[in-house]
Amino acid sequence: MITESFSEYNLDGNTLPEGFRLPPPDDEEAEEFFVNIGPQHPSTHGVLRVVVRLNGETVVEVVPHLGYIHRSIEKMAENQTYVQNIHLSDRLDYLSAFSNNLCLCMAVEQALGIGVPERGEYIRLMICELQRLQSHLLWWGVLGMDMGAFTTFFYGFRERELINDIFEELCGARLTVNYFRPGGSSIDVPDTFMPRVKHLLKIMPKVLDEYSNLLNKNIIFLERTKGIGILSPEKALSYGCTGAVLRGSGISYDVRKHDPYSIYDQFDFDVPLGNTGDSYDRCQVRMEEMEQSLRILKQAAARFPGGPHRSQPQQNYKLPKGSYYSQVETPRGLLGVYIVSDGGIKPYRLKYRSPNFSNLNVLNELAAGHKVADLITIMSTLDLVIPDIDR
Amino acid sequence: MMPSSVELYPVNNFIGDIVRSIFPQPAAAVINGLLALLSLMALVGSLGAVLIFLERKVSAHFQLRFGPMRVGPHGLLQPLADGIKAIFKEIIKPAGADTFIFFLAPLLPVSAAFLVLAVIPFDHHLQVADPAGGVLYVLGVSGLSILGILLAGWASNNKYSLLGAMRSGAQMVSFEISIALLMLLVVMLSGTASLRGIVLAQEGTIFDWWIFKLPFLGILAFIMYLVASTAELNRTPFDIAEAESELTGGFATEYSGISFAMFFLGEFVNMFVAACLVTTFFLGGFHAPLLGLPLLDPLLKLIPGFLWFFAKAFLIVFLYMWFRWTFPRVRVDQLMYLEWRIMLPASLILLMLSGLFVAQGWVG
């Protein structure tokens with residue numbers, strides 16, 4: 001009654017639930033069963049549904065089901081002007097709303113040849129790095145929670161709150177910010193921006209050390225992540241993984257470094273890499289990325305220029321006929337936006353290339369053969385934000 | 001007065017004396033027993049509230065929060081509010097659940113705690129019963145609490161619950177062995193299996209407690225007992241049966257209202273019981289922590305034994321809470337590895353070495 005046999009899944013002539021590819025086991029004694037993780041589950045962090053085929057505690061196959069939070073943002077984009085579209089891009093990956101804004105703005109700037117004043121570029125860069133920091137802090141807290149260490153969640157939020165306060169003062173919003181505009185940003189930073197950033201720069205190195213000691217150097221953490229969910233570089237490339245998932249496997253690709261946008265080429269920072277591509281490497285890459293973000297912020301804070309924050313503000317932007325593409329490195333990986341314009345004030349077609357969709361698809365490769373508990377850890381190290389997958 | 005009954009029911013405190021002075025002997029023994037059981041019930045009831053409040057406050061301060069602050073001063077009445085809420089919530093039984101077992105299971109962990117508390121020596125004459133094989137009795141009845149979890153997982157007709165119950169079953173079979181071996185060590189040192197006898201064997205200064213008296217091995221045994229009892233209690237880092245981030249609550253997924261509250265109460269009172277056992281076995285029970293200083297010791301002796309006992313037990317409870325709010329959770333196979341490849345051989349070696357120490361007369 002509790003362990004359904006395969007015969008009960010005889011839907012439409014299939015012997016397995018939708019999406020499963022491995023044949024039923026020949027062994028009569030094998031007791032496989034299917035468990036729904038999500039759409040309501042504490043560890044999917046959103047409405048992701050993962051159907052897991054289990055043999056006892058061991059994961060045999062994982063099939064993610066999408067679409068629970070599909071809002072047809074790409075279709076809605078066709079009926080809105082480019083400036084109106086910026087607020088829709090907030091709703092993709094709500095933890096990297098600024099990067100999403102930036103990506104769309106850069107495509108428009110590229111189409112119209114709009115330049116950005118120096119102060120505008122510095123604001124963009126600093127805000128994006130602050131965002132990376134807050135996104136990774138949240139990831140770190142949630143990682144601990146998924147492993148059963150509830151306390152990390154609150155510590156991660158303590159510093160994230162400082163950064164969110166900066167955002168709130170900047171534009172009135174903490175998550176869906178709608179801040180950047182083609183040619184710069186909607187408003188200039190307030191006077192309190194710099195003191196707040198400097199305070200953050202002062203406390204963060206110590207805080208990161210503390211967090212490393214609390215979770216990342218814990219023997220249980222090491223046992224739970226080392227050698228678990230190994231993603232080979234070839235697999236990572238063939239699935240189109242980006243961000244820390246790709247760099248954890250040892251492939252050095254960071255849009256900020258290898259296809260520099262904004263003013264990233266004027267800054268000195270490293271791209272942290274993993275060796276084996278296991279869960280631990282993905283975690284360490286993110287931890288080191290936070291330090292690199294601090295490095296960038298420090299350099300930017302030292303030479304933050306004055307002047308205007310935006311150039312050529314317009315009510316509507318008419319993109320010439322053609323197609324335009326831009327890409328940025330969000331905290332989760334490569335976000336690309338592809339715009340096809342028919343010369344009007346609205347895009348003819350707008351397509352986002354979201355990092356989470358590609359990163360989610362390696363889940364089956366990583367989790368098969370591990371225990372249920374590891375499936376949760378692996379999902380956490382992929383750092384998925386579900387609204388970005390469905391759009 | 002029959003000496004044997006005095007040995008078994010050592011309620012020789014002043015309340016017992018008053019009862020004995022009023023009633024004739026057979027009736028007095030019965031009344032004393034009933035009074036002792038009633039006080040145990042009161043203890044279990046009040047402990048639940050105290051421990052839940054304590055856990056909420058301790059976890060809050062570990063996590064940069066205040067915890068409950070609204071109900072009563074500093075949220076002191078929060079457990080009461082929680083209890084009332086739990087009582088008035090609807091109990092939902094999932095379709096296909098085994099009704100009898102589903103409602104029986106939540107009662108078992110609390111019963112286990114109640115049964116073990118009956119043999120705990122809180123003070124010289126504050127113990128409901130002192131059977132000669134007290135340690136064996138404790139081992140026997142403490143298994144009930146995990147039986148409750150096992151039954152709950154089976155009866156819920158839910159895959160998450162079943163997974164949690166199976167994990168818990170594996171855990172029970174494994175860690176009980178280490179616990180038994182470490183208890184055996186204490187029995188061997190004390191020369192008695194009666195809990196009161198074990199405490200009396202540790203009389204003297206702080207260095208006569210088993211944790212310090214046995215050079216190095218005592219501390220090692222104490223730490224191993226703490227680990228094994230944390231696993232037995234299903235608490236983080238060994239809370240794999242509940243594992244809310246994996247199994248959404250494990251065995252307790254389908255429970256609500258008062259039946260969930262009973263599990264909750266059972267978990268907390270069992271934590272206190274485990275702390276009581278640690279105190280009894282390693283920390284000298286109700287003895288004051290005398291340091292051998294002529295000025296300080298008489299002062300320490302002025303404090304009644306049961307206060308020392310509770311102070312030690314709550315210190316251990318705090319340790320359990322500290323573990324819970326610091327460590328991540330281990331995986332089920334790592335838990336088995338820890339027991340069968342590390343804890344079991346280590347406790348066997350420890351037992352042999354201590355046997356050598358006792359045989360050579362190096363202990364005390």
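**View 1. Packing of helices H3 and H4 in chain B.** In this predicted model, helix H3 (residues 25-62) of chain B packs against helix H4 (residues 78-88) of chain B at an angle of about 110 degrees, the two axes being 9 Å apart. The angle falls in the range 65 to 115 degrees, so H3(B) is roughly perpendicular to H4(B). The crossing in which H3(B) passes H4(B) is right-handed. On the H3(B) side the contact is formed by B:Ala49, B:Ile52, B:Phe53 and B:Arg56, and these meet B:Gln78, B:Pro79, B:Leu80 and B:Asp82 of H4(B). Sorted by class, the contact of H3(B) with H4(B) comprises five nonpolar, one polar and two charged residues.

**View 2. Packing of helices H4 and H5 in chain A.** Helix H4 (residues 118-146) and helix H5 (residues 151-171), both of chain A, pack at an angle of about 165 degrees with 8 Å between their axes. H4(A) and H5(A) are therefore roughly antiparallel to each other, and their crossing is left-handed. Residues that H4(A) brings to the contact include A:Leu130, A:Leu133, A:Leu137, A:Leu138, A:Trp140 and A:Met145. Among those that H5(A) contributes are A:Phe153, A:Tyr155, A:Phe157, A:Glu159, A:Arg160 and A:Ile163. The contact of H4(A) with H5(A) divides into 12 nonpolar, six polar and two charged residues.

**View 3. The sheet E1-E2-E3 of chain A.** Three strands of chain A form an open sheet in the order E1-E2-E3, with antiparallel pairing. Strand E1 (32-37) and strand E3 (58-65) of chain A are at the edges and have a single partner strand each, so one side of each lacks a neighbour in the sheet. From one strand to the next, the twist averages 20 degrees. Strand E2 (residues 49-55) of chain A pairs with E3(A) in the antiparallel sense over seven bridges. A:Val51 has A:Val63 in E3(A) as its bridge partner.

View 4. Strand E7 (residues 333-341) of chain A and E8(A) are joined in the antiparallel sense over five bridges; A:Arg349 in E8(A) is the bridge partner of A:Val340.

**View 5. The annotated domain of chain A.** According to the unreviewed UniProt entry, the feature "domain: NADH-quinone oxidoreductase subunit D" covers residues 146-312 and 314-391 of chain A. For residues 146-312 of chain A, the end C-alpha atoms lie 47 Å apart, and the span is 55% helix and 2% strand. For residues 314-391 of chain A, the end C-alpha atoms are 28 Å apart, and the span is 36% helix and 29% strand.

**View 6. The contact of chain B with chain A.** Chain B gives 26 residues to the contact and chain A gives 29 residues. On the side of chain B that touches chain A, the elements giving two or more residues are helix H8 (159-190), helix H12 (244-247) and helix H16 (332-360) of chain B. This side of chain B has 10 nonpolar, eight polar and eight charged residues.

Conventions
Residues are numbered from 1 along each chain as its sequence is written. Chains are lettered from A and ligands numbered from 1 in the order in which they are written. This is a predicted model: local features need pLDDT of at least 70, side-chain atom pairs count only at pLDDT 80 or more; totals for chains, interfaces and linings use all residues. Axes are lines fitted to C-alpha atoms, for helices over the stretch in contact, and angles run from 0 to 180 degrees between N-to-C directions. Helices (H or I, at least four residues) and strands (E, at least two) are DSSP runs, numbered from the N terminus. Angles under 35 degrees count as roughly parallel, over 145 as roughly antiparallel, 65 to 115 as roughly perpendicular and the rest as oblique. A crossing is left-handed if the near helix is turned anticlockwise from the far one by less than a right angle, and right-handed if clockwise. Two residues are in contact if their C-beta atoms, placed from the backbone, lie within 7 Å. Ala, Val, Leu, Ile, Met, Phe, Trp, Tyr, Cys and Pro count as nonpolar, Asp, Glu, Lys and Arg as charged, and the others, Gly among them, as polar. UniProt positions are given in the numbering used here, feature names are shortened, and annotations may be inferred rather than shown by experiment. Two strands pair if DSSP finds at least two bridges between them.
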